[in-house]
Amino acid sequence: MSFSTFSKAFTANMFTSVENQFITKYLPQANGDAVRVYLYGLYLCQCAEDFDAEACAKLLGIPKESLTEIFGFWEECDLVHILSRDPLFVEYLPVNAAIGKPKPIRAEKYASFNRELYKQLQTAGKEFKPYEMQKILEFLENNPMEQDAFLLVSEYCAKKDGERLSSSHILNKASKLCRERKYTYEQVERDLADFNTHEREMSRIFTLLGINRKIHEGDYDYLDKWTARGMNVKSLYAIAEFLKKGTLSTLDALVEELAEKQIFNERETKVYLERRGELTAVVYRVAKRLGVKVENPRAYAEEYAEKWLERGYDGDSLLQIASLSMKLGYGFAETDTLIDALYAEGVVDAESVKSYCAAREKQFRLLQSLQTVCGVVKKTLSALDMVAAWKSWNFSDAMILEAAKRSTNASAPLPYMNKLLSEWKREGVFSPDAIKERDASAPTKPVFRSEAAIAADKRGEREHYYAVLRQRAAERAEKANATAQRDAEYGEADRALKKGEIELARAEAFSPQDLPSLIQKMNAYRTQRKQALLRLGIREEELSPRYQCDKCSDTGFLPNGKACDCYPNF
């Protein structure tokens, strides 16, 4: 026994703590005397004075035998442990550790409840097994829900499910209500009325989205989330109708997008969605014309399409500009820069855009003609601008091509052509015949050229020679690959091998046990690929560029940096 204790005055000013779980779980199913006995016994646990069972029974105004029975009830609930019955000595246990021993359920207590439940089951054409009825009664024993409230839940589930009614559905619904602290008939009736409204709303959303499955309990969490965000139900219908087909997740993403922009009512939602649809259509059409794959159109719509439309460009004009961009190898960012430049020049309306693109198309065709003569000429805006400048100097296509012929051996053909045409312009030479007269009247004395200029020309000739060889090798390989890829058997094997290489690398790092089977599959696909090539008459080495010189791979330089001896001496 401790050497110290509280005084009566100190004890009188102390508090007796009662766990909330006792109030919510056990108090509703206990009568008044049982609660009084439990609380007074809990108070006595912290008193140092002697206080036997007889004194406690006399103070509470109940027989001693009843006191023992009441503590027996609490022992069944795992809230106390009776150490001795004569004399009575009780040990209190923590409520949060109580799991509740199975108690015999008194049939008379649930006679009326059972009759009503059986009526509901008969109406639904359903019959529960004894163990299912036992679970329902155990639920009522261990939870504070009123019997009439539970019958309301079962009636709702019976009407909703019909012959598919199950005890687990009823118990799940009742458990959910208990977790929300809805125990009485009035509380459950209110909740089910709201639930029926939500069910109609969710059913309408399912119809608009083309979802054919049954509504699950978890689906209503989305509805709660959307309404909590302030979204109007009619707005939700408008969003679902805009999507036409999708899932609750896709609808949720669009709701979040609207909520971010503080759009909640139906009218603003419809206006925003109509504009969003227009922007999305522009993004996809431009992307298709550019040959670009777009996963999420929203980012492109907000960054590019919205600005383009606000500046006055229509869909057809944007497609014409996108066609020009595609030929230049542009993506969205480069196309946006081009549109910025056009806007600065006032090229906005459909007619001016059409004229601009038509002029660029002519320049493209002339540039392609120059490529056939000069070889490698990059398609860039600066190259097109150079062609436009030559045309503005009053040079015909024939004169420009003549300049191209004379720059075939130059290391940089376009600058060389520009210099040559500029010289002809200064001298007033604008026709091929004038060039011949000019060349005939030119002095026959040799023109002095520096060693640096001669070396530069030789270097240009060498680079051009190897560039042509590499281009031819690449074109042959591309042609062989294109032929092979058109074959279904080869294409399937080739794609499987590429995917298999990734899986093989992953298996080496994380699952070595899968390596043998993966290697076996890879070998099978290699055999399939080889057979397809054999059938097509294509050798494996033809799929890669076959260079004329194996030592330098048609670069003109060996791996050690020295010039290769494969360059011919003309």
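**Figure 1. Ser553 is partly exposed, with a relative accessibility of 31%.** Here buried denotes under 20% relative accessible area, exposed over 50%, and partly exposed in between, for a 1.4 Å probe and protein chains only. This is a predicted model, in which local features need pLDDT of at least 70 and side-chain atom pairs count only at pLDDT 80 or more, whereas totals for chains, interfaces and linings use all residues. Residues are numbered from 1 along each chain as its sequence is written, and side-chain values use heavy atoms, with hydrogens and water left out. Ser553 is found in the segment after α25 (515–536); helices (H or I, at least four residues) and strands (E, at least two) are DSSP runs numbered from the N terminus. The phi of Ser553 is positive, near 55°, in a residue other than glycine. Asp554, also found in the segment after α25, has a positive phi of about 60° without being a glycine. Asp554 is buried, at a relative accessible area of 1%.

**Figure 2. A cis peptide bond joins Asp86 to Pro87.** The omega of this bond is near 0°. Pro87 lies in the loop between β1 (80–85) and β2 (88–92). Most peptide bonds are trans, and most residues other than glycine have a negative phi.

**Figure 3. The largest nonpolar core comprises 49 residues.** A nonpolar core is a set of buried Ala, Val, Leu, Ile, Met, Phe, Trp, Tyr and Cys residues joined through side-chain atoms within 4.5 Å. Phe332, Met417 and Trp424 have the most contacts inside this core. Elements giving two or more residues to the core include α14 (266–290), α17 (332–344) and α21 (413–427). The most is given by α18, with eight residues. Residues up to four places away in sequence aside, Met417 touches Leu370, Cys374, Trp390, Ile400, Ala403, Ala404 and Ser407, a contact being heavy atoms within 4.5 Å. Another core, of 29 residues, lies apart from this one and has Leu121, Ala149, Tyr156 and Leu171 among its members.

**Figure 4. The axes of α19 and α21 come within 11 Å and cross at roughly 15°.** Axes are lines fitted to C-alpha atoms, for helices over the stretch in contact, with angles from 0 to 180 degrees between N-to-C directions. The crossing angle therefore makes α19 roughly parallel to α21, a class covering angles under 35 degrees. At this contact, Ala383, Met386 and Trp390 of α19 meet Leu414, Met417, Asn418 and Leu421 of α21.

Definitions and conventions:
Angles under 35 degrees count as roughly parallel, over 145 as roughly antiparallel, 65 to 115 as roughly perpendicular and the rest as oblique.
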